[in-house]
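Dear colleague,

Please find below the structure that I am handing over to you. My findings follow directly after it.

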Amino acid sequence: MATLDGPSTSRGYSSSSSSDEECPHRENELDYSHSEMESFEITFANFSRRDGGKIGRLSLSHNRLRVIPRKISIFKNIQYLDISGNQIDTISAEILSLTHLKVLIAKNNRLTADAVPKDLYQLAELQQLNLGGNPLGRVPEVLSVMKGLTYLHMGSCEIQEIPKNINRLDKLEVLYLGGNRIAEVPEELGFLESLQSLYLNDNQITVLPTTVAHLSQLRSLSLHKNQLSTLPSEIIKLANLREVSLREK
């Protein structure tokens, strides 16, 4: 599973291929990260909808943006959007126009759970979502119906509870919930049948449910810096498990 951070590209517009037909798996990239941008509208004032439609990857990370701008809709075909490291406190409805979006990185902003739109499920092609480092406070309710997600990162988000309906995300392969305030793991988490990597480190967990033995695809389990004194014996049934982290420091 690739990470959500991805390689940086040169600032400005660049084409990864002379034509989409020659190399359909590569995309045109636009990288405006670390550019001290405060106003999206001013920066892209002369950028046409036709030009925007050619872009597949857009990075606006580490700027001074406070909102997702209305004009973002000109990038109607992007599959990858990085808005991390800004001052965004609301994911506005304009993002719903990006119907081809597969990867959304919104880590290290100012988002609470209520700031995540209830209609986010309309991004039907979204597979990877990174909300880490935001003061969410709880898992946004809309995530339970986003069944296309394969990667979900909500580390260091002040989350206290894993909702029982987490088991609806049956395509999830990576779940990162490290660095929160979670004390209890619901039995339902054990029914994420596609899960390969589970990060529950740096929480307040005292016991794991025996249902973790149902995570037949699990390869990596991170549990360090919790309050666990023992693990369920059923964990030995996890034939694919290659790594368990229990270190205290």
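The accessible surface of the protein chain comes to about 12,500 Å², and carbon and sulfur atoms account for 45% of that surface. Accessible areas come from the Shrake-Rupley method with a 1.4 Å probe, and for residues only the protein chains shown count as cover. Of the 249 residues, 49% count as buried; buried means under 20% relative accessible area, exposed means over 50%, and partly exposed lies in between (1.4 Å probe, protein chains only).

Please note that this is a predicted model, in which local features need pLDDT of at least 70 and side-chain atom pairs count only at pLDDT 80 or more, while totals for chains, interfaces and linings use all residues. Residues are numbered from 1 along each chain as its sequence is written, and side-chain values use heavy atoms, with hydrogens and water left out.

The protein chain contains two helices and eleven strands, in the order β-β-α-α-β-β-β-β-β-β-β-β-β along the sequence. Helices (H or I, at least four residues) and strands (E, at least two) are DSSP runs, numbered from the N terminus. A contact means heavy atoms within 4.5 Å. Among contacts between residues at least 6 apart in sequence, 38% join residues at least 24 apart.

The largest nonpolar core has 65 residues, and Leu81 and Met154 touch the most other members. Such a core is a set of buried Ala, Val, Leu, Ile, Met, Phe, Trp, Tyr and Cys residues joined through side-chain atoms within 4.5 Å. Not counting residues up to four places away in sequence, Met154 touches several residues, including Leu131, Val139, Ile159 and Tyr176.

Next come the aromatic rings. A pair of aromatic rings is described by the distance of the centres and the angle of the planes. Rings of Phe, Tyr and Trp (its six-membered ring) pair if their centres lie within 6.5 Å; planes under 30 degrees apart count as stacked, over 60 as edge-to-face and the rest as tilted. By this rule the count comes to seven aromatic pairs. The rings of Phe44 and Phe75 have centres 5.5 Å apart and planes at 85 degrees, so this pair is edge-to-face. Phe44 lies in the loop between α1 (40–43) and α2 (49–52), and Phe75, 31 residues apart from it, in the loop between β3 (57–59) and β4. Phe44 is buried at 1% relative accessibility, and Phe75 is buried at 0%.

Tyr176 and Tyr199 form a stacked pair, with 4.8 Å from centre to centre and 25 degrees between the planes. Tyr176 belongs to strand β8 (residues 174–176) and Tyr199 to strand β9 (residues 197–199), so the pair ties together parts that are 23 residues apart in sequence. Tyr176 is partly exposed at 23%, and Tyr199 is partly exposed at 26%.

His224 lies between β10 (220–222) and β11 (243–245) and is buried, with a relative accessible area of 9%. Its side chain makes a polar contact of 3.3 Å with that of Ser222. A polar contact is a pair of N or O atoms within 3.5 Å; within protein, one must be able to donate a hydrogen and the other to accept it, and residues adjacent in sequence count only if both atoms are side-chain atoms. Ser97, in the loop between β4 (80–82) and β5 (103–105), is partly exposed at 31% relative accessibility.

Yours sincerely
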